[in-house]
Amino acid sequence: MKIVVGHLYPEYLNIYADRGNIAVLAQRASWRGHELEVEAVSAETPIVPGAHDLLYIGGGQDREQALVAHDLAGKREQVLAAATGGAAVLAVCGGYQLLGRSYRFADGEELPGVGLFPLHTTAGARRMIGDILLDVELEPGERRTIAGFENHAGRTQLDEGAEPLGRVVAGFGNDGESGAEGCRVGRALGTYLHGPLLPRNPWLADWILAQAIAHRTSGDPPRFEELDDGLEREAHAVSARRARARGGRS
Ligand code: GLN
């Protein structure tokens, strides 16, 4: 089947090869006989709720975020309707921050956000950089790890009761203190993890694909047959080792 992806601001929000996440989703979809159709959503492109099975937004420096934030905030109702309608969402770093309520720069300037994620972000003086490892449980009883790389000045505060994506085993995460990383609202995931994220976390790529297919079919997320992910597992292991070598939240 065709899986339609809305890639938000690919020309501005694409650092650390975040575009690679789309390539992984496309490849893993085609190995299962599905086809990923990717539509670039830029300034002035409306988001038609229901048209996309997955919305994807990558990371970017403050300057690039400032170039897209007001246009994205103008699409607030469309993004919220798409997510409420069951579309999957993957938001990475700068994109994750802009799907929260707001991002305040160190100089006090504040960028508006979409408010899909119950959180806000404030830039700190010191950047939080390095390999990071998370403990995650997206499905009850299925504990997994996610390994990646983070580089952000933003400190993200989740609202009381908000669900993080995972617990920090090693690295900074949302704010370098709380031990929480990212945020989850149903099929919408936000994270600081670059790398890109999905090549070294193939189970997560499959989870996101399954949510997108569930939207397309209005059914349950399919369970995919295992693929030979030997190389991906090795990349994960190397990244996890590097993160652990950094030690706990530093
Ligand atoms: N500009 C944001 C920050 O510094 C996000 C950076 C990123 O996407 N890597 O926190």
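Visitor: Which residue is the bridge partner of L8 in strand 2?
Guide: The partner of L8 in strand 2 is V41. Strands here are DSSP runs of E with at least two residues, and helices are runs of H or I with at least four, numbered from the N terminus. This is a predicted model, where local features need pLDDT of at least 70, side-chain atom pairs count only at pLDDT 80 or more, and totals for chains, interfaces and linings use all residues. Residues are numbered from 1 along each chain as its sequence is written, and side-chain values use heavy atoms, with hydrogens and water left out.

Visitor: How many bridges join strand 1 to strand 2?
Guide: Seven, and strand 1 (residues 2–8) runs parallel to strand 2. Two strands pair if DSSP finds at least two bridges between them.

Visitor: What packs on the sheet there?
Guide: Helix 1 (residues 20–30) does, touching strand 1, strand 2, strand 3 (54–57) and strand 4 (88–92). Touching means contact, with heavy atoms within 4.5 Å. The direction of helix 1 makes about 155° with that of strand 2. Such angles run from 0 to 180 degrees between N-to-C directions, with axes fitted to C-alpha atoms, for helices over the stretch in contact.

Visitor: And in what order do the strands of the sheet come?
Guide: The order is 2-1-3-4-12-11, an open sheet of six strands with mixed pairing. Strand 2 (35–41) and strand 11 (183–185) are at the edges with a single partner strand each, so one side of each has no neighbour in the sheet.

Visitor: New topic. How many aromatic pairs does the structure hold?
Guide: Three. Rings of Phe, Tyr and Trp (its six-membered ring) pair if their centres lie within 6.5 Å; planes under 30 degrees apart are stacked, over 60 edge-to-face, and the rest tilted. One of the pairs is Y96 with Y192, edge-to-face at 5.2 Å centre to centre and 85° between the planes.

Visitor: Which parts does that pair tie together?
Guide: Y96 lies in helix 4 (residues 94–98) and Y192 in the loop between strand 12 and helix 5, so the pair links parts 96 residues apart in sequence.

Visitor: Is Y96 buried or exposed?
Guide: Y96 is buried, at 0% relative accessible area. Buried means under 20%, exposed over 50%, and partly exposed in between (1.4 Å probe, protein chains only). Y192 is buried too, at 0%.

Visitor: Which residues form one aromatic cluster?
Guide: Y96, F117 and Y192.
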